[in-house]
Amino acid sequence: MATICVDVGTSVIKTVAFNDRGTEIALARQETEVLRPAPGFSEQDMYSVWEAAAFTVRSVVSQLSDPVRLISLTAQGDGCWLVDADGHPTGPAILWNDARSATIVDRWRGAGVLKEAFRCNGSQAFAGLPNALFTWLKQHDPDRLECSYKSLCCNGWIFYNLTGRMAIDESDASVPFFDVRERRYSFELLQLYGLEWAKRLLPDVLANHQRLGELRSTAATKLGLPAGLPVVMSPYDVASTAIGVGAVSDGQACSVLGTTLCTELVMDHVNLEGEPSGLTIPFGPPGLYLRAFPTLAGGEVIHWAVRQLGLSEPSDLSQLASKVAPGAGGLCLLPYFSPAGERVPFLNTGARGSLFGLSFEHGREHIARAVLEGLSLVIRDCLQASQEAPFPLRVCGLCGGGANSEVWCQLIADVTGTPTFRTVDQEVGAKGAFIAGLVAVGKEADFSSATKDYLQIRDMFEPHKESHARYDELFEQFLAIRESTLPIWKHMADGGARLSPAVA
């Protein structure tokens, strides 16, 4: 039998069918549009996202000869997907990388609110979360809040369209209103943010053993599937990709090389006393947590560089970078390109990127190398922030579109000093949803046993000793350059917000 897994990314929706052995047997992709109607805004039309997801499912169903066992979902996280009591959107979805509420987050940080919240939640709040977005909407669009019934996540929106049930998975619910130890909403956190009134907007939370629904008849007809088919709301993409690469037990790590660079470490305990940084996500059964560091800029930096350098595709960037020795001829890139600044491993809504050390002696190949090195140094920064034990780790799994580059996979191993590996699966988020789906319907006992049954390592990349020694030096240089430019970030960000699309 076939299992259909839907991975609703920010820019591309992927639907994959797996057979009983966990092998990909059908695949469909559909691009989606991110709307930017004003500086700092990042939105999507909710109906368009649902229609695109439905299209990919229908496309996969048309390729199958085997009956379908279940549908399992994962999706982009955070943001604000508001619906009314009848399940209709009350406006566009506000995405995880939206920056409109940056000043609100800055005010909370200055008042110590974010640090106090971390002691309960274990996560660093940022502008693309419901707490900041609710506050912004209350000030600027109160009518939309008034007519909204629930604030879903992207995964919850697709789950609602399939099952008619409004709910949220524990991983999506974990930030910003969750007591991470008690695994429940915290009224104290709502009070801390001045959002007691927003309690009515929070959907029911589906714990690890409750993530199952049934395909309703209207959706069944649309998709060409039988009504009543099991539908699983798997953890959102940050967590599902960890499952899909096999990082499911204490001390295992991975890094997702996608729209966001998300570096993750599984832990059997939670530390709420350190400096606020990253996200702490309940992960599977009680007592297991995922420490995740999803950057606001990742793969988009590579696509930006491809355009600026006149290249055709990201693989061209890797080929250019491979022509240059470690250090990029003295160039250093700070890849903080998001208009919302950066959220991990530090929070700064004014963070901005820069290319330091340019001279007439540098060519496109040096810039290409600096781009991949800068992103890899961010991964090292996040890996070190995620650990209480000494760095480096024993091994780190890589996935996402960037993992198609052998050059980058080797570079990450050299920069971090940690062996990296790839699995045979191309769509790792969907594979994580596959595993979570099997656990949800009782076919597998837990994530750990399922990954042993269904995952296979494709290749390994061992760090080169000489290169790693060089990157030890360059990492310190990277941190020093960041520290020296930090004082002017906010001024530069304010200037960027005044950019006009036309030249006077």
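This is a short tour of the model in your viewer, one selection at a time.

Before you click: this is a predicted model, where local features need pLDDT of at least 70, side-chain atom pairs count only at pLDDT 80 or more, and totals for chains, interfaces and linings use all residues. Residues are numbered from 1 along each chain as its sequence is written, and side-chain values use heavy atoms, with hydrogens and water left out.

**Stop 1: the core.** Select Phe134, Tyr193, Phe283 and Leu290. These have the most contacts inside the largest nonpolar core, which has 67 residues. (A nonpolar core is a set of buried Ala, Val, Leu, Ile, Met, Phe, Trp, Tyr and Cys residues joined through side-chain atoms within 4.5 Å; buried means under 20% relative accessible area, exposed over 50%, and partly exposed in between, using a 1.4 Å probe and protein chains only.) Now colour helix H15, residues 428–440: its eight residues are the largest share of this core. (Helices, H or I with at least four residues, and strands, E with at least two, are DSSP runs numbered from the N terminus.)

Stop 2: (Rings of Phe, Tyr and Trp, the last by its six-membered ring, pair if their centres lie within 6.5 Å; planes under 30 degrees apart count as stacked, over 60 as edge-to-face and the rest as tilted.) Why is the pair of phenylalanine 134 and phenylalanine 177 stacked? Because the centres are 6.2 Å apart and the planes are at 15 degrees. Phe134 is in helix H4 and Phe177 in the loop between helix H7 and strand E10, so the pair ties together parts 43 residues apart in sequence. Phe134 is buried at 0% relative accessible area, and Phe177 is buried too, at 2%.

Next, look from Phe134 to Trp197: this pair is tilted, with 6.4 Å centre to centre and 50 degrees between the planes. Trp197 is partly exposed, at 27% relative accessibility.

**Stop 3: strand E15.** Select residues 253–257.

Which strands does E15 join? Five bridges join E15 to E16, running antiparallel, and four join E15 to E21, running parallel. (Two strands pair if DSSP finds at least two bridges between them.) Find Val256 opposite Cys262 in E16, then Ser255 opposite Leu398 in E21.
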